[in-house]
Amino acid sequence: VSRVPARFRKMIEEAEQATKLKISKETREDLRHLPIVAIDPADAPDHDDAIWAAPDDSPDNKGGFKALIAIADVSFYVRSGSKLDREAYKRGNSVYFPDRVVPMLPEALSTDVCSLKQGVDRAALVCHITINAKGQVTGSRFTRAIVKLAGNIAYEDAQAAMDGKLDHPLKGSALEPLWACWKLLAKARDAREPLNLDLPEKRVVLDDQGKIVEIAIRERLDAHRLVEDYMIVANVAAA
């Protein structure tokens, strides 16, 4: 610890203090009752975003859906101009290697309080969207919220559940509505005929000594496309 540069020690101390901040439901929308889930790689070291969808009960939107896309509210813990903020600006982003991560923020934040995990309260920035029966986004709003995830699900498990190959406890409450809403979004997207770059993602496989033994292609699943399309919808709403 004594060999850690002073600026890093101060940053780590600031991060540890930030983890003690209390999330107030008085200033945030309480969404902890919704079965929100994060769908990520099985080996994901952190969970930045989560999603939820359900049929819209509004009589003005028959056949439509309500959905939300939640991202970890890092700004709640990292304030503008702080040591953490300045150091994160220098790094720009986290760097992911085959066997490790060099995080933009100390692990007390990046893999703990700023990671959306099952069963624990988390601060989030949430995009609420309304989708009609044609898959068109007809409304959106943004709120700061408290969320408590119903589950962290691997892509492969989510896909297996929807393919009937895995009996997952969240299939009915979370996965099936997400898929149904996504199919509407995908139908509307196909009608727009956008540029679609479906490029294969590589996965580096290491042996026990850390040497590369294989560079494999990750299987492309509907679960990957689903998460990507929800993120695109949120970005378009923000734009």
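Visitor: What makes Asp121 and Lys148 a salt bridge?
Guide: The closest N and O atoms of Asp121 and Lys148 are 3.8 Å apart. A salt bridge is a side-chain nitrogen of Lys or Arg within 4 Å of a carboxyl oxygen of Asp or Glu, so the pair of Asp121 and Lys148 qualifies. Asp121 lies in strand S7 (residues 121-131) and Lys148 in strand S8 (residues 137-148), so the pair ties together parts that are 27 residues apart in sequence. Helices (H or I, at least four residues) and strands (E, at least two) are DSSP runs, numbered from the N terminus.

Visitor: What should I keep in mind about the source of these values?
Guide: This is a predicted model, in which local features need pLDDT of at least 70 and side-chain atom pairs count only at pLDDT 80 or more, while totals for chains, interfaces and linings use all residues. Residues are numbered from 1 along each chain as its sequence is written, and side-chain values use heavy atoms, with hydrogens and water left out.

Visitor: Why are Asp121 and Lys148 called partly exposed?
Guide: Buried means under 20% relative accessible area, exposed over 50%, and partly exposed in between (1.4 Å probe, protein chains only). Asp121 has 30% relative accessibility and Lys148 has 33%, so both count as partly exposed.

Visitor: What makes Asp30 and Arg32 a salt bridge?
Guide: Their side chains meet at 2.7 Å, N to O, so the pair passes the rule. Asp30 is partly exposed at 31% relative accessible area, and Arg32 is partly exposed at 27%.

Visitor: How do you know that the span of H5 agrees with its number of residues?
Guide: The expected span of a helix is 1.5 Å times one less than its number of residues. Helix H5 (residues 171-192) has 22 residues and should span 32 Å; its end C-alpha atoms are 30 Å apart, which agrees. The buried residues of H5 include Trp179, Cys181 and Trp182.

Visitor: What makes Glu193 worth a look?
Guide: Glu193 has a positive phi of about 50 degrees although it is not a glycine. Most residues other than glycine have a negative phi. Glu193 lies in the loop between H5 and S10, and its relative accessible area of 70% makes it exposed.

Visitor: Why is Ser115 called buried?
Guide: Its relative accessibility is 0%, so Ser115 counts as buried. Ser115 sits in the loop between helix H3 (107-113) and S7. A polar atom of its side chain lies 2.9 Å from the backbone nitrogen of His47. Ile131, in strand S7, is also buried, with a relative accessible area of 0%. The C-alpha atoms of Ile131 and Asp56 are separated by 8.4 Å, although these residues are 75 apart along the chain.

Visitor: What makes a set of grid points a pocket?
Guide: On a 1 Å grid over the protein atoms alone, where a 1.4 Å probe fits, a pocket is an open set with protein on both sides within 12 Å along at least five of seven lines; lining residues have an atom within 4 Å of a point. About 1,000 Å³ of space lies in the largest pocket. Its lining has 34 residues, and the closest to its centre are Pro41, Asp43, Ala44, Glu201 and Arg218. Helix H4 (155-162), strand S10 (202-206) and helix H6 (222-238) each supply at least two residues of that lining.

Terms used
Points joined across faces, edges and corners; volume = space filled by probe spheres on them. Polar contact = N/O pair within 3.5 Å; in protein donor to acceptor, adjacent residues only side chain to side chain.
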